Amino acid sequence: MQPKKLFNTHELSSRLAQHVVNSTQSSTWSENLINENIFDAGEINKFSEKELALAQRTLLITQFRTMNEEQLLSAIQQHGLPWRIDMDTDYSAAAVAY
């Protein structure tokens, strides 16, 4: 039996990626997409800001989803994403009993 996860890593990866995109400038997205060899400078110049944001978000989601829980938590702290853990009934009942 696998240990129970504290959070949904796929959902949190998406939220973190959106937070990072919202909190950075489009010039940073362009640089990142070029540095990651996703696009070259000529291609980047042809994209609208919305298209750049979508490409950057997709790249970030892919990167965050390959992280383990500890790495993802570290990235969350690094980028200042506010979040909370919803404990299921078993955990919350034990916390109240404690």
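This is a predicted model: local features need pLDDT of at least 70, side-chain atom pairs count only at pLDDT 80 or more; totals for chains, interfaces and linings use all residues.

Me: Are helices H1 and H5 roughly parallel or roughly antiparallel?
Reply: Take H1 as residues 9-22 and H5 as residues 69-79. Their axes come within 11 Å and cross at roughly 25°. Angles under 35 degrees count as roughly parallel. So H1 and H5 are roughly parallel.

Me: How many residues in the contact of H1 with H5 are nonpolar?
Reply: H1 brings Thr-9, Leu-12, Ser-13, Leu-16, His-19 and Val-20 to the contact. H5 brings Glu-69, Leu-72, Ala-75, Ile-76 and His-79. Four of the contact residues are polar and one is charged. The nonpolar ones number six.

Me: Is Phe-64 buried or exposed?
Reply: Phe-64 is found in helix H4, residues 49-65. Among the residues it touches are Leu-16, Val-20, Leu-72 and Ala-75. Buried means under 20% relative accessible area. Phe-64 has 5% relative accessibility, so it counts as buried.

Me: Is the pair of Phe-39 and Phe-47 stacked or edge-to-face?
Reply: The structure holds one aromatic pair. Phe-39 and Phe-47 form it, at 4.8 Å centre to centre, with 65° between the planes. Planes over 60 degrees apart count as edge-to-face. The pair is therefore edge-to-face.

Key
Residues are numbered from 1 along each chain as its sequence is written. Side-chain values use heavy atoms; hydrogens and water are left out. Rings of Phe, Tyr and Trp (its six-membered ring) pair if their centres lie within 6.5 Å; planes under 30 degrees apart count as stacked, over 60 as edge-to-face and the rest as tilted. Axes are lines fitted to C-alpha atoms, for helices over the stretch in contact, and angles run from 0 to 180 degrees between N-to-C directions. Helices (H or I, at least four residues) and strands (E, at least two) are DSSP runs, numbered from the N terminus. Angles under 35 degrees count as roughly parallel, over 145 as roughly antiparallel, 65 to 115 as roughly perpendicular and the rest as oblique. Contact means heavy atoms within 4.5 Å. Ala, Val, Leu, Ile, Met, Phe, Trp, Tyr, Cys and Pro count as nonpolar, Asp, Glu, Lys and Arg as charged, and the others, Gly among them, as polar. Buried means under 20% relative accessible area, exposed over 50%, partly exposed in between (1.4 Å probe, protein chains only). Lists of a residue's contacts leave out its neighbours within four places in sequence.
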